[in-house]
Amino acid sequence: MPERPPLVLQPPSRETAQKIADTLRFLAADQVQKANSGHPGMPMGSAEIATVLMTKHLRIDPKDDKWLGRDRFVLSAGHAGTLLYGMLHLQGFLTIEDLQGFRQLGTRTPGHPEAGETPGVEASTGPLGAGFAMAVGMAAAERMAAELYNTPKFDIVDHHTYVLTGDGCQEEGVVYEAASLAGTLGLGRLIVIYDRNKIQIEGSTDLSFTENVAKRYEAMHWHVQEIDGHDMDAIDAALILAKEEKTRPSIIIARTTIAKGAPKKAGSASAHGEPLGADEVAAAKAAARWPAESFFVPKEVADYFDIRRGEWMAMRQEWNEMFAAYDKKHHATARELLRVLSGELPKQWKHSLPEFPAGKAVATRAAGGTVMNGLGEAVPELVGGAADLAPSTKTEIKSGANPEFIGKGMFLGRNIHFGVREHAMGWFTNGMALHGGFIPFSATFMVFHDYMRPAVRLASMMKLRNIFVYTHDSIMVGEDGPTHEPVEQLAALRTIPGLNVWRPADANETAFAWQAMLERKDGPSAICLSRQNLPVLDRTKFAAARETLKGMYILDTDTEKSPEILIIASGSDVHLAVGVAGELRKQGKAVRVVSAPCLEVFRTQAEGYRKKVLPKRMKKRLVIESGIAQGWEGIVGDSGIFVGVTDFGLSGKAEAVAEKLGMTVPKIMERVNGEGW
Ligand SMILES: Cc1ncc(C[n+]2csc(CCOP(=O)(O)OP(=O)(O)O)c2C)c(N)n1
Ligand SMILES: [Mg+2]
């Protein structure tokens, strides 16, 4: 590599630094004032923190917001978005006009930061605690990628993950889950700055949040510092120490004043979430000897960032040169890294998908495990874990490269012990997907999807390639009883816009569902798998399993007469549908059975295909699904029957529960005969 002096960021003078902080402070106040909506308090109170972070520590380049080597900065307190937008303006990602469009339709400055909408925003934040928990996943992904791709001479993956969080995040349970996991894993490159202004919406945090936060983090094996969050030397010193700490995540508890600089509102809850008011903004500016003009950026500040942008670009260029040398020396590894970052799957990966022989009975969770273990070899970027349920969800990757569990100081692995932390697990895997280089999965019992739903929702909003595995997908869980039997979860999953929800009927549908989930680059997927054994359908008698990819397909149909009864089912219920079809045929009726592994994918099929599978003229429609009816209304129609579960399940042997709840062939036949079909 060419010799050149080490690149260091030129720090601003003390005076310029204060001007940068005040610029951020007043840009935030002005954005909120112009929009007449937003949260000025925290941005004004954490302006010094943002200043030190940006001018002395953050390695980014606004010329390339996808640069692998960049530090990640996550604003977990998403309500303080105007602070982030101000930072992104000074960095060079956003214009003043962008800031002036804060909270307006169609601008790059939405009400809370949204990844993909605004360059430089690493994660969508707004649900408090979410950013923190995603950052834990990002920091883990950084270490895992470093282990995979760095060589003794080339630290290609070598960045920090910074988080700015507030009191509200710290009160959220998911932050405890994520922090505990981060401490256990020893994520030394995770640096959290906690803007502790001790104010939230209803008033002082003394009303509801009184534990010793520093001790709590110490107990979770974090490196803890407490500082005055307006003292820029102290902030810098703390960040330096946090970076020196290599084996523990760091939290810097920074005591601040909300809306610092606002003469009347500083320190008060009223500054949290409403505009300061024109008079208060004017008084704040006057007190700081700041021009009254809105959206003012002093020339000195703009000039400083002009120079800084050059330095940032030089940093990235230096990294690019390192990468070029690395590519020469370790060509295959470098190409593999570029491949996983691009999201392209390896060539020939589909050969690893198994074909299950007919006749055997296999639970789809077990089939899923077999599929994943083929993928373990073929798709090395597939990594993840379960919420302490891997033996039940069958999701441990035991094949291929590094089939180990990661742990403290050991990041070369495919599996993660998430512990019983469904909510953090959801966000963690979102963080991994946002970081890049991995296709994450996570697994738990389907009924506990409810514990991680906010993360699945945002995975979809952020269009992340994240795979959620849910097993024990119906009342057929049996003995564990109604607390463990999902009834409304399938419908609830399907209500999340953009989420593809798969519920395969047998082992071979499971393999194709996995194919579809992996091939989907622009959004998350969930797969719902059975606890109980299900026959592997004989595809010489039924339609080919590959049809699964269409979302819904004709599994079996009478051809002698045009079928008059249409039976549609998903997952394990397809076997009930096949049984009912047999009974109806004994009565001389012509029947068609449709398997419905993914309603969302079916909806994207051409109209002609959809009409072929579900012809309008076939009004006698029987839908069987072990869940609530919601979502099926349009398909069942006025003259159809929905057979499902309308109340919580029961405790008992699975077969007895099914019998009692009417989910057996004879019981369904009673209902069908009752209709006089
Ligand atoms: C999960 C979640 N619950 C509630 C809210 C609404 N909310 C936004 S900010 C906030 C108070 C946060 O207090 P703090 O983090 O101390 O922010 P500050 O008042 O210091 O700006 C609440 C309840 C939210 N955004 N996310
Ligand atoms: Mg607060």
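A polar contact is a pair of N or O atoms within 3.5 Å. With that criterion in hand, the tour of this predicted model begins at the ligand.

**Ligand 1**

Select Asp-167 together with ligand 1: an N or O atom in the Asp-167 side chain is 3.1 Å from an oxygen atom of the ligand.

Next, display the whole shell of 15 residues, of which His-79, Gly-126, Gly-168, Asn-197 and His-272 come nearest. Coloured by class, the shell shows six nonpolar, seven polar and two charged residues. Helix H7 (167-171) and strand S4 (199-200) each contribute at least two of its residues.

**Aromatic pairs**

Moving to the rings, the model contains 15 aromatic pairs. Select Phe-26 and Trp-290: the ring centres are 5.5 Å apart and the planes meet at 35°, so this pair is tilted. Phe-26 belongs to helix H1 (residues 14-35), whereas Trp-290 lies in the loop between helix H11 (278-287) and helix H12 (299-329), 264 residues apart. Both residues are buried.

Continue to Tyr-304 and Phe-305, whose ring centres are 5.2 Å apart with planes at 90°, so the pair is edge-to-face. Tyr-304 and Phe-305 are both buried.

Now select Trp-67, Phe-154, Trp-319, Phe-323 and Tyr-326, which ring pairs link into a cluster.

**Final stop**

Finish at Arg-308, whose charged end sits over the ring of Trp-312, 5.4 Å from the ring centre.

Key:
Residues numbered from 1 in each chain as written. Chains lettered and ligands numbered in written order. Predicted model: local features only at pLDDT ≥ 70, side-chain atom pairs only at ≥ 80, totals over all residues. Heavy atoms only, no water. Phe/Tyr/Trp six-rings, centres within 6.5 Å; stacked < 30°, edge-to-face > 60°. Helix = DSSP H or I, 4+ residues; strand = E, 2+ residues; numbered from the N terminus. Buried < 20%, exposed > 50% of the residue type's maximum accessible area, 1.4 Å probe, protein only. Lys NZ or Arg CZ within 6 Å of the ring centre and 35° of its normal. Near = heavy atom within 4 Å. Polar contact = N/O pair within 3.5 Å; in protein donor to acceptor, adjacent residues only side chain to side chain. Nonpolar A, V, L, I, M, F, W, Y, C, P; charged D, E, K, R; others polar.
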